Amino acid sequence: MPSSAPPTARALLALLVLAVAVAGGSPLGSAPQEPVEQIVIGGVTPRFAVPECVPRTPDERTQQACRTITQVLRNDLRFERLFQFVPDSLLAAVPPLDPDNPVFEDWQGIGARILVITRASIANDELTVEARVYFVDSGQTMLARRYSGPAHNPRIFAHQASDDIMTLTQYKGVARTRIAFTSDRDSTAEKQSKELYIVDYDGFNPRRVTVNGSVNILPAWSPDGQSLAYVSYRRVTPLVFLARIFEGKSVPNVTAERGNSQAFAPAFSPDGQKIAYASNRSGNMDIWVANADGSGTQQLTTTRAADTAPCWSPTGQEIAFTSSRTGTPQLYIMSNDGLNVRRLTRVGNYNDACAWSPARQFSEVAYTSRLQSGGFDIAVIDLATRQVRQITRGRGSCEYPTWAPNGRHLAFSCEQRETWAITIADREGLSLKRLATGPGNNVQPDWGP
Amino acid sequence: MRRIALFALFVMATALPARADKDCQRMQVQVTALQGQIADMQRRSADSLTELQRLTALIAEQNALLQRALDDGRQQDEAILTSMRDLGDRVSRVIEQLDALRIAGNVAAPVAPGTALTETEGEGVIDPATGEVGAPVPAPRELYSQAYADFARGNYDLAIQGFTEYMTHYPDTDFTDNAQYWIGECLYGKKQYAEAVEAWNTLFRVYPSSDKLPDGRVKKGMALERLGRRSQALVEYRYVVDRYPTSPAARIARERLNP
């Protein structure tokens with residue numbers, strides 16, 4: 001990448017600025033009330049009413065922004081599968097909403113427990129969105145926020161509001177997260193290439209990261225969301241590169257491979273201080289770790305079998321990886337210094353590409369598994385029970401799982417009708433859907449912060 | 001008489017140069033011989049040097065082969081060790097499952113003839129002090145895995161509690177020593193390095209034949225280094241290199257000895 005920020009990077013930078021502005025959403029001053037209750041997940045599922053966003057001004061642009069905010073906020077909240085929602089037909093039965101003085105009896109009457117009211121206005125190309133969350137039974141305000149920023153992307157305001165509402169539960173929202181992936185969409189007949197792209201978690205807002213026309217694969221987010229480590233063939237030999245996406249800079253050969261040695265499958269430690277990766281610099285493909293700047297390389301495995309595809313535990317104390325040391329590729333776990341190696345998977349004759357759930361609530365590892373002959377599926381092993389649950393079945397071949405930062409969802413790539421697409425499911429394997437991430441074969445997702 | 005004396009003088013005068021010539025010739029022969037010897041020695045020396053170089057190269061080659069064989073051996077040992085551990089784990093698991101089945105009454109445990117049979121009711125544990133039935137003890141694998149899952153997600157206190165409970169209820173399984181090892185890991189994760197050292201010392205003392213000893217020794221060394229006690233850490237690393245030279249832990253110990 002050139003040192004000066006390319007248009008894509010500039011756009012990303014602008015988005016970051018917007019994100020920061022929105023992230024600084026302030027509590028509303030007009031009727032500030034401290035959140036009084038938490039939304040308890042478990043038992044009776046709380047029933048949400050999310051009426052249409054109310055524009056403060058009647059202009060078409062504000063109304064359009066309001067429509068987008070309503071739709072995106074509803075989708076974001078539904079995505080978590082934690083809440084029930086009052087159906088649209090009942091919402092329509094409620095008398096017109098006065099956002100400043102909601103009549104809670106109306107909402108109680110249609111069975112709502114939580115009421116989410118949004119208002120929007122645009123002035124001088126700046127969008128201001130107010131969001132209030134009420135506990136319908138008591139009429140108490142659970143959350144009140146005001147967000148403002150450039151008006152060109154109202155979606156991000158809804159994402160921010162959704163994540164703020166999720167703070168009322170014990171789970172972190174993912175509405176503002178992004179997914180990086182590899183795609184051949186810009187490949188031509190003359191030049192076969194694979195580049196890295198980023199989309200919002202819901203598949204919107206695709207952006208290209210690499211522009212070198214070579215083969216760039218296996219993206220891995222840094223925990224701060226500022227960088228992507230990936231494997232690039234731009235120097236013929238596969239090496240780990242680092243893209244500082246908001247600076248438009250690229251650091252080549254981060255792990256300082258020499259001669260013909262290759263490096264694959266980078267993975268940042270949860271604190272962002274280390275990178276684990278596979279390298280054949282010792283003459284055999286083994287797991288190595290290095291500091292994030294490439295210094296202090298240390299070899300962790302030394303068997304004659306190929307050891308690849310490392311992934312970190314949420315504490316950073318352990319690393320899982322793929323090894324064929326006992327014949328077929330299986331997952332193993334070791335401590336982050338190479339000690340205490342144990343086999344993790346036993347079911348399936350080919351297990352690869354681990355992804356350790358980052359959530360404190362769930363102790364589980366997702367991976368690509370060939371349970372029977374034929375294609376690959378996504379499986380998850382629960383470390384507490386050692387039970388394996390199959391996430392995909394009969395969807396063609398699926399591989400490269402990655403967890404959402406809250407550990408409640410998985411993304412992976414599946415091949416259907418000879419095309420690979422990013423697919424999303426929740427951690428139980430329900431609610432599978434293909435993400436509309438754009439044309440081409442879209443593979444190797446990595447769900448970032 | 002005088003003539004005789006003069007003749008003698010003449011003879012002597014003529015004989016002296018002839019003798020000098022002979023000496024000279026003898027010396028020349030000797031010099032030639034010496035030159036030959038030196039040339040011979042030089043030739044032999046060159047031959048020896050060539051032979052020495054050949055032997056040195058041969059030794060280096062043999063050393064390389066030996067090193068490669070040693071490395072291969074270590075790698076094979078590591079793979080075999082992993083497989084053995086895996087096999088051991090699986091056997092232990094089968095035994096645990098059998099035990100669990102016996103407890104559930106599905107499989108009758110072998111009973112020695114004449115042994116009195118007792119009935120067990122429910123799955124609760126009777127407190128010997130009070131005679132009351134307490135909460136049921138989870139199956140060993142369940143308890144162990146849950147404790148490990150707590151470790152993996154950073155719930156170290158819960159994990160220590162789980163592993164301790166495992167050791168209390170199942171003091172004689174193949175995983176009891178592992179549980180003690182993991183307590184050390186939990187304390188290391190909590191950055192309580194002195195306590196981690198003590199936990200691993202307990203492992204060495206109580207389970208002297210544990211397969212976790214090499215790893216435990218190296219981890220103890222690492223904890224000692226965190227405490228600023230590098231000289232004591234080196235002792236642990238040297239111990240592992242000497243005692244378990246082909247173990248994966250020994251490779252890491254060597255790296256720690258020569259950072």
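**Helix packing in chain B**

The crossing of helix 6 of chain B and helix 8 of chain B is left-handed, a term used if the near helix is turned anticlockwise from the far one by less than a right angle. This is a predicted model, in which local features need pLDDT of at least 70, side-chain atom pairs count only at pLDDT 80 or more, and totals for chains, interfaces and linings use all residues. Residues are numbered from 1 along each chain as its sequence is written, and chains are lettered from A, while side-chain values use heavy atoms, leaving out hydrogens and water.

The axes of helix 6 and helix 8 (residues 248-257) of chain B come within 9 Å and cross at roughly 25°, so these two helices are roughly parallel to each other, the word for angles under 35 degrees. Helix 6 of chain B brings P214(B), D215(B), V218(B), M222(B) and E225(B) to this contact, and helix 8 of chain B brings A249(B), I252(B), A253(B) and R256(B), where contact means heavy atoms within 4.5 Å. By class, six of these residues are nonpolar, none is polar and three are charged.

Helix 6 (residues 213-226) of chain B also packs with helix 5 (residues 193-206) of chain B, at an angle of about 155° and with the axes 9 Å apart. Helix 5 and helix 6 of chain B are therefore roughly antiparallel, as angles over 145 degrees are called, and their crossing is left-handed. Among the residues that meet here are W200(B) and F204(B) in helix 5 of chain B and A223(B) and L224(B) in helix 6 of chain B. The contact of helix 5 with helix 6 of chain B has eight nonpolar, two polar and four charged residues.

Definitions and conventions:
Axes fitted to C-alpha atoms, helices over the stretch in contact; angles between N-to-C directions. Helix = DSSP H or I, 4+ residues; strand = E, 2+ residues; numbered from the N terminus. Parallel < 35°, antiparallel > 145°, perpendicular 65-115°, else oblique. Nonpolar A, V, L, I, M, F, W, Y, C, P; charged D, E, K, R; others polar.
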